[in-house]
Structure formats: structure tokens, C-alpha cells
Amino acid sequence: MALQRTFSIIKPDATERNLTGAVNAKIEEAGLRIVAQKRIQMTRGQAETFYAVHKERPFFGELVDFMISAPVVVQVLEGEDAIAKYRDVMGATNPEQAAEGTIRKAFAKSIGENSVHGSDAPETAAIEIAQFFSGNEIVG
Ligand code: GDP
């Protein structure tokens, strides 16, 4: 498996509780390298674009409100099989179903306020990375 990149967000519930470093420790322990990272306040427009795939879902408004409720940390992670590996480290969307040792098991508050985002496929990873980073901000 070749080196791959994925897009990550440390969500408002985690940044508010000062868990950025704790999440990053789990990312690095899993063998993923943080090759770009910045703390931003997402705008409503950015959050709506980012989660456009969910716009018909009943929780869309709540999700957008949550994502702009406090700063987030956007990241690019690099490693062997990084997309699947990060999904494993994140754990299930609902923390009640997340496996021991995962970020969501350790830190998530609920199915909505679940501490992290990670891309689900190479195509979405490329789109998501390009929404928040220019090429010269990513240093592998
Ligand atoms: P993910 O890929 O594991 O992040 O999950 P999805 O792509 O299915 O959902 C995207 C995000 O929407 C999740 O990470 C949650 O923050 C949020 N979400 C998903 N399901 C629900 C829900 O039932 N209620 C609320 N409030 N938020 C949800």
C-alpha cells in the first residue's frame, strides 16, 4: 500500500475541552504523520459546503451549528493506508458503538459531538484537503 493522505478535523467539542494534543497523540501513536495543521473558526458557508452531502438529513442544521460553535483544527495526515487507518483510530460515529482505544470511545460526547472527522475515500480526501489547504501548506 502506497503512502496516502487523509483530511482530519478536530471538532469543537474537543478543542473546547483542550483535547487537541490528546487527539494528536492518538493519531501519532497509530503511525500517522501530521503533515499540515491549522486552527480555524469555520464559517457557516464553509461548514455547509463541507457537509453538503448530508444537506437533506434531519441533523444537517444541528451539525452545521455545532461545527461553527467553536474553533476547529483542520489537518492533513499521511501514512500507509492513511484513510482506513484513521477511520479505525477514530472509531464508530456513535461513541457508544466505538471500540476501546479509539478517539471517539475516549473523548466523544455523542453521535453529533464526536470529536473528529476523517475522510472516507481517496476522492473525498482530495476534495476536503483542497477546501482548507493549498499545496505549499502541506509538508510531508
Ligand atoms: P462519520 O463519517 O463517522 O463522521 O459519520 P457520517 O458521515 O455518517 O456523519 C457526519 C457527521 O454528522 C458525524 O460525524 C456527526 O458529527 C454528524 N451526525 C451523524 N449522525 C448524526 C445524528 O444522528 N445526529 C446528529 N446531531 N449528528 C449526526
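Tutor: Happy to! Let's begin with A36, which counts as buried because its relative accessibility is 5%; buried means under 20% relative accessible area, exposed over 50% and partly exposed in between, with a 1.4 Å probe and protein chains only. Please keep in mind that this is a predicted model, where local features need pLDDT of at least 70, side-chain atom pairs count only at pLDDT 80 or more, and totals for chains, interfaces and linings use all residues. Residues are numbered from 1 along each chain as its sequence is written, and side-chain values use heavy atoms, with hydrogens and water left out.

You will find A36 in strand β2, residues 33-40 (strands are DSSP runs of E, at least two residues, numbered from the N terminus). Beyond its neighbours within four places in sequence, A36 is in contact (heavy atoms within 4.5 Å) with V74, Q75, V76, F133, E137 and I138. The C-alpha atom of A36 is also separated by 6.5 Å from that of V139, although the two residues are 103 apart along the chain.

Now for the ligand. Residues surrounding the ligand include K11, Y51, F59, E62 and R87, each with a heavy atom within 4 Å of it. On its own the ligand has 550 Å² of accessible area, and the protein covers 79% of that (areas come from the Shrake-Rupley method with a 1.4 Å probe).

Key:
Helix = DSSP H or I, 4+ residues; strand = E, 2+ residues; numbered from the N terminus.
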